[in-house]
Amino acid sequence: MSERLGDLLVKAGQITRDQLREALDKQKEEGGRLGSNLVKMGLIQEPELVEFLSKHFKVSAINLSRVEIDEAVVKIIPADVSRKYTIMPVSKAGAKVTIAMLDPTNVFAMDDIKFMTGYNVEPVIASETAIRAAIEKYYGSTHALELKKVMEDLDDDSAESLEVLDEELEEFDIDALADESDEAPVVRLVNIILTDAIKRGASDIHIEPYEKKYRCRYRVDGLLYEVMYPPLRLREAITSRLKIMAKLDIAEKRLPQDGRIKIKTKVGDKDKELDYRVSVLPTIFGEKIVMRLLDKDNLMLDMTKLGFEVESLTKFEDAIAQPYGMVLVTGPTGSGKTNTLYSALQKLNTAETNIMTAEDPVEFNLTGINQVQMKESIGLNFAAALRSFLRQDPNTILVGEVRDFETAEVAIKAALTGHLVLSTLHTNDAPSTINRLMNMGIEPFLVATSVHLVVAQRLVRRVCSFCKEPVEALPATLKSAGFNERESRTLKLFQGRGCEQCGDTGYKGRVGLYEVMDIEDEMRELILSGASSIELREKAMENGMITLRMSGLQKIRDGVTTIEEVVRETVL
């Protein structure tokens, strides 16, 4: 939004072109928002900026210093989200929550809040100073907490040994856990939870406190399963143990925290190194902990085994073989986008290629690839990292996510100046990705010339190969799923009966559904003319694009998955 805001202010006579250039230079040196820099430099008053934005975007302005916000409204949005987007919940009415924002066009913030809370979002504009003051008032200061932690570390004799532990792996053996009677029960229980998740093939562990029970669930193949109910009296002890392992502040129980646990263990005869990404979130009955299991052995880097149809894979491989341009992978959280991008990078990873990635977080370490972890707190965001990458002589750049106009703009410039750029977006399908970029403020001609290919993807569960058996299905059911009349009468389906290997679910493992949209000359003409996502979809299908549903139907024909799985993840 930065340069667009500057141009708008110049056109409105609020600032001069020279003043804008001066503010942009300051922004390049020191970071921060353009509007904030203009105010700091005294080139525009904050109330005038708010009034201008309110009139331009036709969105109401609010003076937060005169508003008392209800505690129940504050709890709707977590503190870290409020700080991340510089937003403040103001009021709630029915299914709508009013949010004070700096940028009412930030669709990513509004989408995140809608997804997270279930409320529709009505934006109002407030000044940055007022929003930050409200965040400090209602969510509490972070600076005092950080200082307290530093002082405690200075007084703590064990601080030095904790530093060493950051670089070492904690080791324990699954088979020996049952015999470790001399260890504290809580330590043994936590070790069992962590290692049992590995045995079951879980991707996430959820430990959740409620009023009268304490629950542990594993996410296996995309679905959550209850696995145990630890004693409620051990809630605080389990939370503290996990926080210590993740190097988090055990005294802080009011704010969300993020950390990482690294362990080395033996599964069967094989030593495994595992990372758990830990997220701690305060709830009304205690702190909920979610751990994402990052297992290198589960990372599938062979693109031929991900689930691409032959023609889709050919298009994808052709696109990443180009010397420049942008390839986008879209889909919801947990749809396998990272795996697809890492697979592409692995194919491109040669001694002659300089590959750089900006990720939040870096999930897996890939040898031969320069990976950079984002740190918003010090200004190292995707856009800042991208600018630095362009001075590092890269061939291929991966941007973890295109979240805002600034990142999209730099990524597209990189794609147009001789670099191959890979990234992700949150959209429902491939054609709507084009419209999302334009809604973010990217000009149609830039989208048309820079984007070479868009991949939309989902993950569905595989039928268990150990208990797979043929089943009958009603023709009407097959027809409603998208099969033609002939197939509806003759198609043979498979499902899992349920066995020990798949935990009686009938499913084991997951496979990708892929929708690959190639941006050809005809598509570019449509993009330049401002075509809708429906028109783009029709043209792409004319050109042979396999949709997500069509990819799912093919997996059903091949006996890889079931109708229920495909219907759950895709639409006709």
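I started with a definition: two strands pair if DSSP finds at least two bridges between them. Strands (E, at least two residues) and helices (H or I, at least four) are DSSP runs, numbered from the N terminus.

**Before looking.** I noted that this is a predicted model, where local features need pLDDT of at least 70 and side-chain atom pairs count only at pLDDT 80 or more, while totals for chains, interfaces and linings use all residues. Residues are numbered from 1 along each chain as its sequence is written, and side-chain values use heavy atoms, with hydrogens and water left out.

I found three strands in an open sheet, ordered 1-2-3, with mixed pairing. Strand 1 and strand 3 (120-125) are at the edges with a single partner strand each, so one side of each has no neighbour in the sheet.

I saw strand 1 (residues 87-93) pair with strand 2 (residues 96-101) in the antiparallel sense over six bridges. Ala93 has Lys96 of strand 2 as its bridge partner, and Met88 stands opposite Ala100 in strand 2. Two residues lie between the strands of this hairpin, and Gly94 takes a positive phi near 65 degrees.

I turned to helix 17 (residues 430-439) and helix 22 (residues 533-542), which pack at about 140 degrees with their axes 8 Å apart. Axes are lines fitted to C-alpha atoms, for helices over the stretch in contact (heavy atoms within 4.5 Å), and angles run from 0 to 180 degrees between N-to-C directions. Which residues of helix 22 make the contact? I listed Ser533, Leu536 and Arg537, meeting Pro431, Ser432, Ile434 and Asn435 of helix 17.
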